[in-house]
Structure formats: C-alpha cells, structure tokens
Amino acid sequence: MKSQNSQNSYVATLVLLVVLLSFSSSVTSYLYLDDFIPCLQSHSKSPIDQSLYHPGTKAFTDVLQAYIRNQRFNKVSIPQPLLIIAAKDESHVQATVICAQENDLHIRIRSGGHDYEGLSYRSNEPFVLLDMFNLRAIHIDLATETAWAQAGATLGELYYNIANISSRHAFPAGVCTTIGLGGHISGGGYGNLMRKYGLSADHVIDAKVVTANGHILDRKTMGEDLFWAIRGGGAASFAVVLAWKLELVRVPKIVTVFNVGRTLEEGATDTVLQWQDFAPKANKNLFIRVQPRVVNGTKPGTKTVDVHFIALYLGRAKKLVNYLNKSFPLLGLKLEDCHEMPWVKSTQFWYDMPLVTPTEAILNRTTRNKYFAKFRSDYVQKPISKAGYNLIWNKMIELEVMFVQFNPYGGRVSEIPEDKIPFPHRAGNLFKIQYNGVWFVDAFADRYLNASGELYDTMARFVSKHPREHFMNYRDLDVGTNDHGNTAFAYSYFKKNLPRLLETKAKVDPHNFFRYEQSIPVLPHLVH
C-alpha cells in the first residue's frame, strides 16, 4: 500500500509540475505580449486580429507546422514562438517590426520554411514569428518582361503564373517548387537555368523591404548598399523583404530533359570523370547534374554506387543527342532517353513528378513527405582524379546512407564578377556539391548526422580551401555562428564581399534588430 501511495504521489507531482510549467509559459507569453498586441492593432492599416495565432490553439499548431520542412525541428523540445503573425498586408509587417522593437521582442521571418537549420521559425530567445505565406501576389508584365512577386509566393506559383501568360518565358531559380521566394532569392538562388542566365539574385531589378525603423523602401529609397546586400547576402540580416521585382528570361517553346543512370559496374566513374571535364565548358543551354547514391549491388549483401545524370537542355532532343554523342560520348545518350516538353513541365520533371501530373501540381505549397535531414555544401575547383572518386564511392558505400549532388558551374554564372552581388562563388569553380542526409525515422538521427560529418571530412582534400567555401542557402550551423561577433563562418559564404556586408549592416541596423545564428553581426567599430 505504501508503494502505491508513493506512486500516486509521484504522479500527482508530475501533473502539478506540468500545470505549473504550462501556467508559467502562459504568464511569460502574456507578459511579453501584453503591450505588443495592442501596439500591432494600432499600427496596422487593416484589421490584424485574424492574422494572429496564439499558442495552445489548433490553428497555431497547424500554421507553425505547415511550413516546417525539416522534422528535426518539429519537436516539443524546440522553443516555439510566443505568437505567429501571418501578415496579410504590408502594414502588418511594418507593425510587427515597430512593435517588436518597442517591446524588446525578437522576431524570426519565414517565407517558405526550407531553411535547412530551421532558423526562420525557431530561436533560443523569446520571439514572435513573422510568417509571410499570405503575402504571395504575383504580377507579370510581359511588355517589360518583368514580374513583381511577394516574398511568400513559392517558386511553383511563380513558374505557373509565368507559364499561364507565356510559353517562352521563365525565371532562373530552384527545382523545388515549394520554396518561398523571400529567402531563396535573398541567399542567391540557383537552378538548372544557372549556366544560361546566372542566379535568381542576378535577375532582381527592384525590391520592397521593411527596414529596422519600420519604413517601407524600394531600390531608390533604400540606396544601393542595402539593395546590393539583400541580393545574395541574406536579407534577414538587414530587413524584411516584402516583394521582388524580377527580370524574366526567354526559353524555347520546347525544351528537353533526361535522367540517365549508370552503376560503378557500368562505368559510372569514367563517365563522371568525362562529365567533370565537359560540363563546366558545355553549351550554356545545357545543365547536367550528377547525383550519386548508394544502392544494393547485384550480389546479395553488396552495395554499389548508382550515378544519375539529370539534364535540362534549352532545345530539341535530336540536337542534344548529336551534341552529347560528340562531346560527352561516355554517357551514351539515346533519343529514347529524352523527353521534350514546355519549360513549365520540365520543372515538374526535375521535382520528380510523373510526366502525366497536371501542371497545377506545382501550386501545391506543402512538401510531399515529412523528412528529417542534414544538408551541407562544398565547391570543387580542381578536377578530382579517378582514385579520388573511388575513395569517395567507397566512403559512401561504407556509410550507406548519404547521397550527393554535383551541380556544374561555367556559363553565365561564372562570367559575372564576384562582387556584383554578395554571392561570390563564380569563375574558377567546376561544380558545387550538396550533401544530403535524409531519413524518415527520428531514431536514425545520430547515424545520419555522424555519416554527414564523416563524408564531409573525407571530401576536405578535394574541395576549395582558404576558405573552404559554402553556399549560404544550404544553411549549415556546423560551419559556425556569429557568437561574440564571429565572422569566420560568413567569410566561407561571402569571401571578399564580407566587409561591405558588415559595413552595410552597421549602417542600416546598428542595434542588430534583425539577427539569427548566422546573420551578419554588428561590429561596434563600424557603427557611426
């Protein structure tokens, strides 16, 4: 009986503790928001109450989780926002910035939720989440071949709207159609039109932002330093992007795609070696991604590497086959490997949608699978030898769980000067690597995280050095953070463009209102 009483007492204590913690959290939230919400109401030009989502409600959970792409950060142990403001007009964004400053509240800004470390919707200090998903209007002007697109619009929505007006226009951006435009473009943004037209950020000709003082500015009023910084320097360090004015590009009415696989036993290594030499110098109309991953071998219990060559060609299939059979013969491309289609349908092919999928599918704003993931990046500037590739394949087979993507450079992206925008990774790069550790059961986390680190360490001898360069949009906290004003991580992202970013930050946000773990820090000696 004594044991039963002890157990009951223990359970009662746990229940009381949960209640107290819940009450404490509610009180903390109330104290932070007591003046904040009335401030929002007074500074908004339209009613804002329907845009506010409070913790403890189903609507709050639904909105928060709808754009958490990486399930590593969808756990009860992850700090949640005190409030979600799903802005419905520009004044809601202004009000959030103004009132957060007045009430000493931190904000995080989310447009699509694809940031690989979840930094747009989590923080270790009390914060409110400014979610841009309602701000997704797109206006296209074919006469000027431009588009205004709000930050919460997805790539799929932009592609669909362009295609509805013209079969001969496109925009150079990513192949994942659920990505939000706000963060994608502000980090540089790239896709399979990169070699023909450069980065997404290379095609921004104007923008509307809310600065730390709550002002709405465009290119003319914000000045060229801030306009330069937000195009590839990570806008969340400087302002809230409301919308981008984009320069559209021209594409043929029909383009060609293919996805051809080769295993190691089928000569994949020699084919990759030839690709490495050919792809950066290829016709600008051609982009061929190499995607190696570990698969089961032909003998029971064995593993091998299966390498896929995935391409977009701005032209017809017959011409492509003739060109590749002369310039990249080891691929052995055949006409039956190719698929011809309008450009907008090629975006579905690259997102692994069946060819019969209706085009409207790219309007879907949610990802198809719930996944856990760790991503990293590197740049290759010198050819990797056959022995080097064999070492890489053996390490991948040993680890089993990792796959990588090699994205070729050259063409237009390499012709633009390194300081044109903050994104510096231009001439001199053969290809960029993305490391992908993706799993679907949380219990496997340690295995995948360790494998990611091992493969990354193995690759050190083959990639850029001094610094070891990384792509900011492939957010990776293992590169470093800005604790105590550290800027080493930022140098790997921005190289010689970092000083101008630091000066711009000190000028436009000297009190470091816009901050997160890898934001551009404020260096006191630069503040005037």
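Colleague: Where does UniProt place the "FAD-binding PCMH-type" domain?

Modeller: The unreviewed UniProt entry puts that domain feature at residues 77–251. Keep in mind that this is a predicted model.

Colleague: OK. What's the helix and strand share of residues 77–251, and how far apart are the end C-alpha atoms?

Modeller: The span is 26% helix and 25% strand. Its end C-alpha atoms lie 47 Å apart.

Colleague: Switching to cysteines. How many disulfides does a search of the whole structure find?

Modeller: One. Cys39 and Cys99 form it, with their sulfur atoms 2.1 Å apart.

Colleague: Which parts does that pair tie together?

Modeller: Cys39 sits in helix H2 (residues 36–43) and Cys99 in helix H4 (residues 90–102), so the link ties together parts 60 residues apart in sequence.

Colleague: And why is the disulfide called left-handed or right-handed?

Modeller: The torsion about the S-S bond of Cys39 and Cys99 is about -85°, so this disulfide is left-handed.

Colleague: Are those two cysteines buried or exposed?

Modeller: Cys39 is buried, with a relative accessible area of 8%. Cys99 is buried too, at 0%. The cut-off for buried is under 20%.

Colleague: What about Cys176 and Cys338, buried or exposed?

Modeller: Cys176 has 17% relative accessibility, so it counts as buried. Cys338 is at 10%, so that one also counts as buried.

Colleague: Now sheets. What's the strand order in the open sheet of seven strands?

Modeller: The order is E15-E12-E14-E13-E17-E18-E16, and the pairing is antiparallel. At the edges are strand E15 (338–341) and strand E16 (372–380), each pairing on one side only. Ignoring direction, neighbouring strands of this sheet are turned by 20° against each other on average.

Colleague: How many bridges join E13 to E14?

Modeller: Eleven, between strand E13 (residues 286–296) and strand E14 (residues 303–313), which run antiparallel. If you want a spot to look at, Phe287 stands opposite Leu312 in E14.

Colleague: Which helix lies across E13 and E14?

Modeller: Helix H13 (residues 386–399). It also lies across strand E17 (403–408) and strand E18 (431–439), and runs at about 45° to E13.

Colleague: There's an open sheet of four strands as well. What's its order?

Modeller: E1-E2-E4-E3, with mixed pairing. Strand E1 (52–53) and strand E3 (106–110) are at the edges with a single partner strand each, so one side of each has no neighbour in the sheet.

Colleague: How do E1 and E2 pair?

Modeller: In the antiparallel sense, over two bridges, with strand E2 covering residues 84–86. Leu52 stands opposite Ile85 in E2.

Colleague: What's the phi of His466?

Modeller: Positive, about 55°, although His466 is not a glycine. For background, most residues other than glycine have a negative phi, and most peptide bonds are trans.

Colleague: Is His466 buried or exposed?

Modeller: His466 counts as exposed, at 79% relative accessibility.

Colleague: And Glu145, what's its phi and where does it lie?

Modeller: Glu145 has a positive phi of about 55° without being a glycine. Its place is the loop between strand E5 (138–141) and strand E6 (146–150).

Colleague: Let's look at Arg412. Where is it?

Modeller: Arg412 is in helix H14 (residues 412–415). It is partly exposed, with a relative accessible area of 34%.

Colleague: What does Arg412 touch, leaving out residues up to four places away in sequence?

Modeller: Met194, Arg195, Lys196, Tyr197, Gly198 and Lys284. The C-alpha atoms of Arg412 and Met194 are separated by 7.0 Å, and the two residues are 218 residues apart along the chain.

Colleague: Last one, helix H17. Which of its residues are buried?

Modeller: In H17 (residues 498–508), the buried ones are Leu498, Leu501, Leu502, Thr504, Lys505 and Ala506.

Colleague: What do they pack against?

Modeller: The buried residues of H17 pack against helix H9 (224–230) and helix H16 (488–494).

How values were computed:
Residues numbered from 1 in each chain as written. Predicted model: local features only at pLDDT ≥ 70, side-chain atom pairs only at ≥ 80, totals over all residues. Heavy atoms only, no water. Buried < 20%, exposed > 50% of the residue type's maximum accessible area, 1.4 Å probe, protein only. Contact = heavy atoms within 4.5 Å. UniProt positions renumbered as here; feature names shortened; annotations may be inferred. Pairing = 2+ DSSP bridges. Axes fitted to C-alpha atoms, helices over the stretch in contact; angles between N-to-C directions. Disulfide = S-S within 2.5 Å.
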